[in-house]
Amino acid sequence: MSPMQKESAYLHLPTYTAGIFFHIGNFLAIAVYLLFTLAVIFNFQIPIESTTNLIVMILAAIIFIAAICGLALFIKRLAKKELRDLSCADDYISNLLCTIMLFLTTYSLLTLQFGAAYYVIMALLFVWMPLGKIKHVLYFFFARYHLGFFYGWRGTWPPKKAIQYDK
């Protein structure tokens, strides 16, 4: 996963970095959604004190940076011909849904009001998740678990060096 081992990454470090921020922001925004939704379901009051407010502001700032990165990646995909040629509708829909979700999460965190637009975009995102490109959000952790458990259990991961015998 090192960017220096991937030609598509080390030749485009700003894009790679924006992608990392975009992914981190998406995971944080989904965690915020789950936290605030569970608080509503279980009628749990989230205390907003001076320290908590600072945490909320930092979280909103990180998610906002991720939203800017997502918007930049979307614009780059539209602007560069070679990226447009590689892109399909799913690429645009997934990026746009995630970017809008990040902007709405930032706004909701700053105002502490999670309105209808926020919940509509989250519902669309969760409906699109198993259908579109962003299904890796659902399968990433299961795939990592399977890779580590299954191959590690069989003693085949990581690959061992072959023993050299002299003749």
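Which residues does Leu-102 touch, not counting residues up to four places away in sequence? Leu-102 touches Phe-22, Gly-25, Asn-26, Ala-29, Ile-63, Ala-66 and Ala-67, where contact means heavy atoms within 4.5 Å. Welcome to a predicted model, in which local features need pLDDT of at least 70, side-chain atom pairs count only at pLDDT 80 or more, and totals for chains, interfaces and linings use all residues. Residues are numbered from 1 along each chain as its sequence is written, and side-chain values use heavy atoms, with hydrogens and water left out.

**Overall make-up**

- The protein has seven helices and zero strands; helices (H or I, at least four residues) and strands (E, at least two) are DSSP runs, numbered from the N terminus.
- Along the sequence, the pattern reads α-α-α-α-α-α-α.
- Of the 167 residues in the protein, 26% are buried; buried means under 20% relative accessible area, exposed over 50%, and partly exposed in between, with a 1.4 Å probe and protein chains only.
- Among contacts in the protein with a separation of 6 or more, 68% join residues 24 or more positions apart.

**The nonpolar core**

- A nonpolar core is a set of buried Ala, Val, Leu, Ile, Met, Phe, Trp, Tyr and Cys residues joined through side-chain atoms within 4.5 Å.
- The largest such core holds 26 residues, and Val-32, Met-101, Leu-102, Leu-109, Met-122 and Leu-125 touch the most other members.
- Helix H2 (13–41), helix H3 (50–79), helix H5 (89–111) and helix H6 (116–128) each supply at least two residues of this core.
- As general background, nonpolar side chains tend to be buried together in soluble globular proteins.

**H5 against H6**

- The axes of H5 and H6 are 10 Å apart, and the two helices pack at an angle of about 145°; axes are lines fitted to C-alpha atoms, for helices over the stretch in contact, and angles run from 0 to 180 degrees between N-to-C directions.
- H5 and H6 make a left-handed crossing, the term for a near helix turned anticlockwise from the far one by less than a right angle, with right-handed used if clockwise.
- On the H5 side, the contact is made by Asp-90, Ile-93, Ser-94, Leu-97, Cys-98, Ile-100, Met-101, Leu-104, Thr-105 and Ser-108. On the H6 side, their partners are Ala-117, Tyr-118, Ile-121, Met-122, Leu-124, Leu-125 and Trp-128.
- By class, the contact of H5 with H6 has 13 nonpolar, three polar and one charged residue; Ala, Val, Leu, Ile, Met, Phe, Trp, Tyr, Cys and Pro count as nonpolar, Asp, Glu, Lys and Arg as charged, and the others, Gly among them, as polar.

**H2 against H5**

- H2 and H5 cross at roughly 55°, and their axes come within 10 Å.
- H2 and H5 are therefore oblique to each other; angles under 35 degrees count as roughly parallel, over 145 as roughly antiparallel, 65 to 115 as roughly perpendicular and the rest as oblique.
- The crossing of H2 with H5 is left-handed.
- H2 contributes Phe-22, Gly-25, Asn-26, Ala-29, Val-32 and Phe-36 to the contact, while H5 contributes Asn-95, Cys-98, Thr-99, Met-101, Leu-102, Thr-105 and Leu-109.
- The contact of H2 with H5 comprises eight nonpolar, five polar and no charged residues.

**H2 against H6**

- H2 packs on H6 at an angle of about 115°, with the axes 12 Å apart, in a left-handed crossing.
- Ala-29, Ile-30, Val-32, Tyr-33 and Thr-37 of H2 meet Tyr-118, Tyr-119, Met-122 and Phe-126 of H6.

**Positive phi in the loops**

- Most residues other than glycine have a negative phi, and most peptide bonds are trans.
- Asn-43, which is not a glycine, has a positive phi of about 55°. Asn-43 lies in the loop between H2 and H3 and counts as exposed because its relative accessibility is 72%.
- Leu-112 also has a positive phi, near 55°. Leu-112 sits in the loop between H5 and H6 and is partly exposed, with a relative accessible area of 36%.

**Two threonines to look at**

- Thr-106 belongs to helix H5 and counts as buried, at 5% relative accessibility. Not counting residues up to four places away in sequence, Thr-106 touches Ala-60, Ile-63 and Phe-64.
- Thr-17 is in helix H2 and counts as partly exposed, at 36% relative accessibility. The C-alpha atoms of Thr-17 and Cys-69 are separated by 8.8 Å, with the two residues 52 apart along the chain.
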